[in-house]
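Dear colleague,

I am handing over the structure below, together with some notes on what was found in it. Please read the notes with the coordinates open beside them.

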Amino acid sequence: MLSRSVCDRTPDRHGSTTGAQKPSGGRRLTRHYRWSSYQCEVPTIAVDGMACLRHWYSCKDWVCGGQWREIMDVLKRWVEAFTSAGIRLVFFFDGLVKEQKRAEWVKRRRRVNGEICKIFHYLKAHRQQPGRELFCLPSGLATFTSFALKSLGQEVFSSLQEADYEIANYACQHNCMGILGQDSDFIVYDSAPYLSVAKLQIGTLTTVLYDRQRFCRNIGLTVAQLPLLACLLGNDVVSEEWMQNIRYEAMATYRIDHPAPHSGASQGQMILAVSHLVSSVWDRQERGKGHIPQSLNLSGAQREILKRGLCSYLLPGQEALQQGDIPALPSTPAFEKYVSPEVLKACREKHVAVEGFMVYSVLCEGVTECSNTLEDEEDTELIPQALVYKPCRQLIYGLLLLHGHDGSHADFPAVKEWFVYPGNPLQEADMVHPLSVSLPCDNPSLDLLWFGSSPEVSALRLTSFLSIFGCLDFSELYGTIEDSLLAALCLVTYTVLQVQTLSEEDADAYLSQAVCVRLKSPQELQQIKLPFLSSRAVQLGSLYVRGLSHLLFANCASGRPLPNAALMPWQSFDGRLFHSKYLLAHNYTEKTVLLDNNPSCLSLFLCLKEKLMETCRKRGRILQSGRKAPERNHETEAGLSHRERYSVSDQAPGDGERWSEMEETPRGHRRGGGQRERWEAGRDRREFRDRREGGGRMRGSQCFHSQPHFYNDGGPPHCPP
């Protein structure tokens, strides 16, 4: 039952705000919607999924990696509240970041990095989770929530353009009763009414309706003038800096008739000042939504950026500046020549329907991105997740792009990566080249992997997936253990091979929680008591969840040998449970206690661990036991350079003479000069040596080599019954 009230923060002509009207019954609003003959049969709300994430994630724990089973329960109840009232929901999530908004994306990511630094300072000082003022959403929440809603039978779409644009267009084209979100752009679009998710009371289904018409009356503008107002105030397309001089002039003129007791301007006053400017320069003979008044004092560059900003608010069928001014979707996919038209078509369809992950952005846009992760930039022991999973991404790119490649360097594809991690200034994308997947047979084409139906193709899909993570030996486990456990074993094995500072206790924590979480209810997981929090365990929790997204990426690229549902975090991970297992494992707790005194869990855990240890032995990876991994003493380390730390703890025997070879990169940067280079330098020296001696080449912080650092020798170990 949606209460209908007007915007309670709309500035009136005097700069104050209006009060909300008395809410009316939501059932009356729904009935009115149904009675309107021009509306569709079922009342429908278009939901901005990205704006709802903070509303949905009300779980007590957030810093440990996410309480995923609890969020699933929250989503179920939330959806049921609307469906029981006869309201249909259609969800939209950001599919990719358009290049015109990259600068704003980078700006936000840098701001969040600063907040994450504060989180880790608090963690190390107090050993407990900070308050909601430093709240940060768990890694991968947007990605996995879209899959969760789809599993609940909801209509979910991943955007091809700007998500706000697609939401507004869908709501307009399908006569939706409203758009549920938290973005002022939904007032500017001439579309369905805008409902606030921040003010939503799910128990009663009441919220605030921001009334577009009343807003216009209060500021003295028409709906057609709102796009110009929004662009002059600043948005994702037209940054505030571009129109700063216009706003200053507008404010100076406004103050002549509306003097203020202080020099500063409130947001409400600024809106009114710019509104007065728009009204005064607007040509009454030209009332189009994309109209730019000629009398507006703009430079040529400002006029062009303003034109793009105005076009971003024009929905199909609405007036444009001139024919052809509305930007169209790219007609040529980035890597069109590497894949068939059938693959590109399927790729687009899977992306929109939330059945694929990252494949569309690679094949059609040539770009991938990853937002902020809870990582401590002061902890040089753990490698950032972007670099941990870079080798598997390169193999996925190879699976997607290298079939039939002629091997010529001039024609070698490269994917632009915008991954946020400590030390990366995000000034430009990392250009990452794909690597060929080492398979027992010739590399299969995507057409075969995606569309083939024979049993041989099914086996080939699984082989491709496992090979990306260096876990081909685990193929004999397929069908004998749950798919989610097979995926968890692959992820833990890959992570242990990549991160040399992980201990046996770390692996025990990962595997034990993956085995135990299957048997616990959301209520049991919420009741877990943690004596204190470890900042290192926080990082390891986020590292695992980011790894699940890479499993999902590899699975989609391989033709889905495993159901995507098996790769969801609620199947194999709970942040609070993992943290408890981490503390127990590093306190040398008996395995029976670590596995909740459950004999079947213990037996399964020992089976998985035997597979892990056998694979480590084959790779020459000694997984040490007894490395308790206390919190690092940063005061003691303050006097040491990063190079001194690595030379003491990470440098392999016999590699001393190679440090000088590694130190200078082709770009002229020094290894040890920046955080980003230090992470690369701190990785396994033997892996780096193998790549250099194998004919690899290095460009900046990117290591390109011809073969992955995996060896599929020998047979799989035997699991105990």
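Which residues in H19 meet which residues in H26? On the H19 side they are Leu 485, Leu 489, Val 492, Thr 493, Val 496 and Leu 497, and on the H26 side they are Leu 604, Leu 608, Lys 611, Leu 612, Thr 615 and Cys 616, where contact means heavy atoms within 4.5 Å. By class, this contact has 9 nonpolar, 2 polar and 1 charged residues, with Ala, Val, Leu, Ile, Met, Phe, Trp, Tyr, Cys and Pro counted as nonpolar, Asp, Glu, Lys and Arg as charged, and the others, Gly among them, as polar.

Before going further, please note that this is a predicted model, in which local features need pLDDT of at least 70 and side-chain atom pairs count only at pLDDT 80 or more, while totals for chains, interfaces and linings use all residues. Residues are numbered from 1 along each chain as its sequence is written, and side-chain values use heavy atoms, with hydrogens and water left out.

To return to the two helices, the axes of H19 (residues 483-498) and H26 (residues 599-618) come within 10 Å and cross at roughly 35 degrees; axes are lines fitted to C-alpha atoms, for helices over the stretch in contact, and angles run from 0 to 180 degrees between N-to-C directions. The crossing of H19 and H26 is right-handed, that is, the near helix is turned clockwise from the far one by less than a right angle. Helices (H or I, at least four residues) and strands (E, at least two) are DSSP runs, numbered from the N terminus.

Helix H9 (residues 226-233) is largely enclosed by the rest of the structure, because 8 of its 8 residues are buried, which means under 20% relative accessible area with a 1.4 Å probe and protein chains only. The buried residues of H9 pack against helices H7 (185-188), H8 (212-219), H10 (244-257), H11 (267-281) and H12 (300-311), and just after H9, Gly 234 takes a positive phi of about 105 degrees.

Met 358 is in the loop between helix H13 (341-352) and helix H14 (359-365) and counts as buried at 14% relative accessibility, while Leu 426 is in the loop between strand E8 (415-419) and strand E9 (430-432) and counts as buried at 3%.

As for aromatic rings, the count comes to 24 pairs, taking rings of Phe, Tyr and Trp (its six-membered ring) with centres within 6.5 Å, and calling planes under 30 degrees apart stacked, over 60 edge-to-face and the rest tilted. One of them is the tilted pair of Trp 78 and Phe 91, at 6.2 Å centre to centre and 50 degrees between the planes. Trp 78 lies in helix H3 (residues 68-83) and Phe 91 in strand E2 (residues 88-93), so the pair ties together parts that are 13 residues apart in sequence.

Finally, the charged end of Arg 393 sits over the ring of Phe 419, 4.0 Å from its centre, the rule being CZ of Arg or NZ of Lys within 6 Å of the ring centre and within 35 degrees of the ring normal.

With best regards

Note on methods. Buried means under 20% relative accessible area, exposed over 50%, partly exposed in between (1.4 Å probe, protein chains only).
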